[in-house]
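Here is my note on the model you sent. The points are numbered so that you can check each against the coordinates.

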Amino acid sequence: MSTPRRRSIAAVAAAFALSLTATPATATASSTASSTASSTASSTASTADIPPADAVVTSGNVTHVLNIPKPAPLAATINTDLAFQDGYAYVGNYGGFSIYDIRDPKRAKPVSSVVCPGSQMDVSVYGNLLFSAVDSSRSDDSCNSTALSADHKEAWEGVRIFDISDKANPRYIKSVETNCGSHTLTLVPGKGRDQNKNVYVYVSSYSPSSTFPDCQPPHDKISIIKVPLKKPAEAAVAATPIVFPDGGNETQPGLLVPTSGCHDITAYPEKDIAAGACMGDGVLFDIRDRLNPRVTARTTDPNFAFWHSATFSNDARKVVFTDELGGGGLATCNEATGPNRGADAIYEIVHGQLVFKSYFKIPRYQADSENCVAHNGSLIPVKGRDIMVQAWYMGGLSVWDFTDAANPREIGYFERGPRADGSGGGIWSAYYYNGYIYGADFHAGLDIVKIDDRLTDSARHVRTGRLNVQTQESYRPGPGH
């Protein structure tokens, strides 16, 4: 990318050599070539699985409801992460973010876009506030900033906060600079009486350098921003706890980069726990003290090159970690790479410790031109089962069941064929929200997908007002739950 700093590993690798061609800003229902797959998709991969160029294909139980191309102001930059609140979707983008009205998913439409460059712009929402992560060093904190190398003391990166009470006209109200920027961020509400007073932002960052004044080695920490809900403009870094006081996993062969912090943290605030995907390490935290998270378990895996993200089961007895082999820029969903690398690892949590059970990887080979690896996903709220939907870049999105942690299986999918121009891209994040699946595609925009399957049908009765996937909340089936 434009900055010499190589800390945004996933973003840099996934975005290299990609064509960022603008797409016409019209919403269209897709003409989908549905496969004949049953609701239990095949577990046998074959090169015959590769669809024609740019074609949309799905399993028989998945429907492509709608595609909304990126709004014109952000058409030239790639989409990233998603958040949801009260019938609106918030889509991050390297160039800023967009808000979509999804109260009627079949007629979803853009409401507004904010141009405010600085990758990755992963977003989370809380009431009238939107938080965005910036991990590319900028000339200043403004939306008019330009790239500036992190070896300049005046360079800025961190968290931007917007007031979204007027969705047609979001307002930038505050920035908070953090050491090594903010690759991702996680919202953690306060506890007890503090719940209505403050929200805490856990900031993950990594890849320090002795030449970066604000990102010195060994780093090995996270930053925690305290945000007073009534006075969000007073947000400030309140703590910088060390995650790896004795250093993380730095010498394992095959690591993308040595551990120097965390890539992503998923919190489960009502259970006072969090899971950290920390480059070469997977960790569990006790977060009862919001400003002093404490590592309670730690593991490594010789097959994992880059611990990327984490998802708890609803009962918090399991956790799925993802391995972003190749940083998102390589074709790893092929026979040569195999089923155990660039995959998900499923762990059971037994007496507070992580016990490995199995790997899961999409059972559909991708072409050698298609960057594909395990990426962001969320649970589908099904009673008595552990089912999630997950993005795999150009592998599309996969719906899979890990109720039997030792024998996970795919039950549905949506994907596009290789790009006709031979470049990369794909779906960055795929999340389930109130009956539909939403996928943020680098180039194609926002995809809305629906699954109809006996294993997932009960989820349609579960409703949530807000969904920040890195801040898990428990669910129970039934209207309004």
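1. Terms for exposure come first. Buried means under 20% relative accessible area, exposed means over 50%, and partly exposed is in between (1.4 Å probe, protein chains only). By that scale Arg460 is partly exposed, with a relative accessible area of 36%.

2. Ground rules. This is a predicted model: local features need pLDDT of at least 70, side-chain atom pairs count only at pLDDT 80 or more, and totals for chains, interfaces and linings use all residues. Residues are numbered from 1 along each chain as its sequence is written, and side-chain values use heavy atoms, with hydrogens and water left out.

3. Salt bridges, overall. Side chains of opposite charge can pair when their charged atoms come close. Here a salt bridge is a side-chain nitrogen of Lys or Arg within 4 Å of a carboxyl oxygen of Asp or Glu. The structure holds 18 of them. One network of salt bridges links Lys191, Asp272 and Arg290.

4. Arg460 and its partner. Arg460 forms a salt bridge with Asp452, and the closest N and O atoms are 3.6 Å apart. Asp452 is partly exposed, at 37% relative accessible area.

5. Lys153 and Asp214. Their side chains meet in a salt bridge of 2.7 Å, N to O. The pair links distant parts of the chain, 61 residues apart: Lys153 sits in the loop between E9 and E10, and Asp214 in the loop between E13 and strand E14 (223-228). Strands (E, at least two residues) and helices (H or I, at least four) are DSSP runs, numbered from the N terminus. Lys153 counts as exposed because its relative accessibility is 54%.

6. Glu410 and Arg364. The closest N and O atoms of this salt bridge are 2.9 Å apart. Glu410 lies in strand E27 (residues 409-416) and Arg364 in the loop between strand E23 (353-360) and E24, so the pair ties together parts that are 46 residues apart in sequence. Are the two residues buried or exposed? Both Glu410 and Arg364 are buried.

7. Asp447. This residue lies in strand E30 (residues 445-451). Asp447 counts as buried because its relative accessibility is 0%. Which side chains does Asp447 meet in polar contacts? Asn67 is one, at 2.9 Å. Arg416 is another, at 2.7 Å. A polar contact is a pair of N or O atoms within 3.5 Å; within protein, one must be able to donate a hydrogen and the other to accept it, and residues adjacent in sequence count only if both atoms are side-chain atoms. Contact in general means heavy atoms within 4.5 Å. Leaving aside neighbours within four places in sequence, the contacts of Asp447 include His64, Leu66, Phe414 and Tyr438.

8. Asn144. Look for Asn144 in the loop between strand E9 (129-134) and strand E10 (158-163). Asn144 is exposed, with a relative accessible area of 71%. Asn144 and Cys116 are 28 residues apart in sequence, and their C-alpha atoms are 6.9 Å apart in space.

9. The sheet E12-E13-E14-E15. This is an open sheet of four strands in that order, with antiparallel pairing. Strand E12 (184-189) and strand E15 (236-239) stand at the edges, each with a single partner strand, so one side of each is left without a neighbour in the sheet. Neighbouring strands of this sheet are turned by 35 degrees against each other on average, direction ignored. Axes are lines fitted to C-alpha atoms, for helices over the stretch in contact, and angles run from 0 to 180 degrees between N-to-C directions. Two strands pair if DSSP finds at least two bridges between them. E12 and strand E13 (residues 198-204) have six bridges and run antiparallel. Val201 in E13 is the bridge partner of Leu187.

10. The sheet E20-E21-E22-E23. Here too, the sheet is open, has four strands in that order and pairs antiparallel. Its edges are strand E20 (307-312) and E23; each has a single partner strand, so one side of each lacks a neighbour in the sheet. Four bridges join E20 to the antiparallel strand E21 (residues 318-323). Thr311 stands opposite Val320 in E21.

11. The hairpin. Strand E24 (residues 377-380) and strand E25 (residues 387-391) pair antiparallel over four bridges. Ser378 stands opposite Val389 in E25. Six residues lie between the two strands of this hairpin, and Gly384 in the turn has a positive phi of about 75 degrees.
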